[in-house]
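Reader: I am new to reading structures. Could you take me through one?

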Amino acid sequence: MSIAANSPVAASSPVAHKDRSTTVVDRTVQYGVVKKIASHWLILFVCNSIALLLWLRLFEQPDLSWQQSFEDCVRRFLPFFLISMALLPAFVLDTLKLTNRFAGPIMRLRTEIVNAAEGRPVKKLSFRNNDFWKDVADSFNRMTQRVGLQTETDSAATDDAPSTSA
């Protein structure tokens with residue numbers, strides 16, 4: 001049975017999973033980062049294209065018209081332009097995967113904080129091997145165990161499991 005990474009069961013499961021079944025777990029954070037990186041990449045692409053055009057027009061072919069310089073620039077650098085544009089989706093996907101490494105843990109932490117605030121049982125947090133902020137999960141687990149918020153089965157598992165904190 002596959003559990004979505006943003007479901008409450010997966011959010012607090014003490015079993016560490018190797019892969020996420022969902023790349024986007026927090027649209028606001030992850031899409032915000034992707035939009036920022038994509039806009040920076042697009043600005044860089046446009047600036048480089050203008051710089052290439054200016055270089056051709058001013059230093060290599062000063063006697064040609066701007067239109068001829070533009071056409072020559074496109075003809076000479078079209079493979080570069082196409083490859084650069086083709087790489088953008090790969091960059092976006094890689095950024096989403098990277099942001100998942102911090103958005104996923106924070107979503108799970110938020111879920112358990114809401115559970116505690118609403119008086120529901122709090123489950124032990126366990127982040128994946130490549131996730132950021134494993135020390136936050138360890139601290140949260142110690143805190144919930146100390147104040148008696150963890151469920152009995154999770155509390156017993158915490159006592160038996162080796163600590164991953166330094």
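Reader: Is Phe 45 buried or exposed?

Author: Buried means under 20% relative accessible area, exposed over 50%, and partly exposed in between (1.4 Å probe, protein chains only). Phe 45 has a relative accessible area of 14%, so Phe 45 is buried. Trp 41 counts as buried too, at 16%. This is a predicted model: local features need pLDDT of at least 70, side-chain atom pairs count only at pLDDT 80 or more, and totals for chains, interfaces and linings use all residues. Residues are numbered from 1 along each chain as its sequence is written, and side-chain values use heavy atoms, without hydrogens and water.

Reader: How do I describe a pair of aromatic rings?

Author: Give the distance of the centres and the angle of the planes. Rings of Phe, Tyr and Trp (its six-membered ring) pair if their centres lie within 6.5 Å; planes under 30 degrees apart count as stacked, over 60 as edge-to-face and the rest as tilted. Seven aromatic pairs occur here. In one of them, Trp 41 and Phe 45 are stacked, 5.6 Å centre to centre with 10° between the planes.

Reader: Which residues form the aromatic cluster?

Author: Trp 41, Phe 45, Phe 80 and Phe 81 make up one cluster.
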